[in-house]
Amino acid sequence: MIIGYARTSTLDQTAGLEAQERDLQAAGCERIFVEQVSSVDMVARAKLAEALEFVRQGDTLVVTKLDRLARSVAHLMEILAKLDTKGASLRILGMGIDTATPTGKLMLTILGGVAEFERAIMLERQREGIAKAKAEGKYKGRKPTARAQADQVQRLKAEGLGASEIAEKLGIGRASVYRIIGASIR
């Protein structure tokens, strides 16, 4: 059986998800598992787990691109090991790779390593850019919303409101309310 897996990171990427589903159907996928969840977060990707559980001996799991499947080379190797254990293979349409062959497995491992390296370089450049912007005073980060309302927190506390009520009224976290109240006690 040919099984497809499609993923986008956010709910507003419906066009990308529809394109993946279309490509997977064109590749002959008889069942497609679809989800919209980030690969960066350590959030469990339930549909990927379901697809890996569903795969049987002789099946092929198909994805349109490598980055739709794995977070890192280690994660990719973990997925490949699960598929190997079940006697299934992986096909990546955008790369023309099929792990049913030894050459396909080799190419996937090499390209996965290159992709992870590329991402690490991109993140390093991003951190350098942020550091440079901070040094030039162009990057300030997020405004501290709770501390800007410290006077209001103290006033509402003096009026007898509880932390949950204050947090809800001001639109800040309860922990921030406790932090502000605690700082004034010291």
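This is a predicted model: local features need pLDDT of at least 70, side-chain atom pairs count only at pLDDT 80 or more; totals for chains, interfaces and linings use all residues.
Trainee: How many residues are in α4, and what does it reach from its first C-alpha to its last?

Mentor: Helix α4 covers residues 102-135, which is 34 residues. Its span from first to last C-alpha is 50 Å, close to the 50 Å expected at 1.5 Å a residue.

Trainee: Which residues in α4 are buried?

Mentor: G104, L108, G112 and A133 are buried in α4.

Trainee: And what covers them?

Mentor: The cover for the buried residues of α4 includes helix α3 (73-86), along with strands β4 (89-92) and β5 (97-98).

Trainee: What happens just after α4?

Mentor: G137 comes there, with a positive phi of about 75°.

Trainee: Changing topic. Where does L52 lie?

Mentor: L52 is in helix α2, residues 46-54.

Trainee: Why does L52 count as buried?

Mentor: Because its relative accessibility is 9%, and the cut-off for buried is under 20%.

Trainee: Which residues is L52 in contact with, leaving aside neighbours within four places in sequence?

Mentor: On that basis, L52 is in contact with L61, I79, K82, L83 and K86.

Trainee: And how many residues apart in sequence are L52 and I32, and how many Å apart in space?

Mentor: L52 and I32 are 20 residues apart in sequence, with 12 Å from C-alpha to C-alpha.

Methods
Residues are numbered from 1 along each chain as its sequence is written. Side-chain values use heavy atoms; hydrogens and water are left out. Helices (H or I, at least four residues) and strands (E, at least two) are DSSP runs, numbered from the N terminus. The expected span of a helix is 1.5 Å times one less than its number of residues. Buried means under 20% relative accessible area, exposed over 50%, partly exposed in between (1.4 Å probe, protein chains only). Contact means heavy atoms within 4.5 Å.
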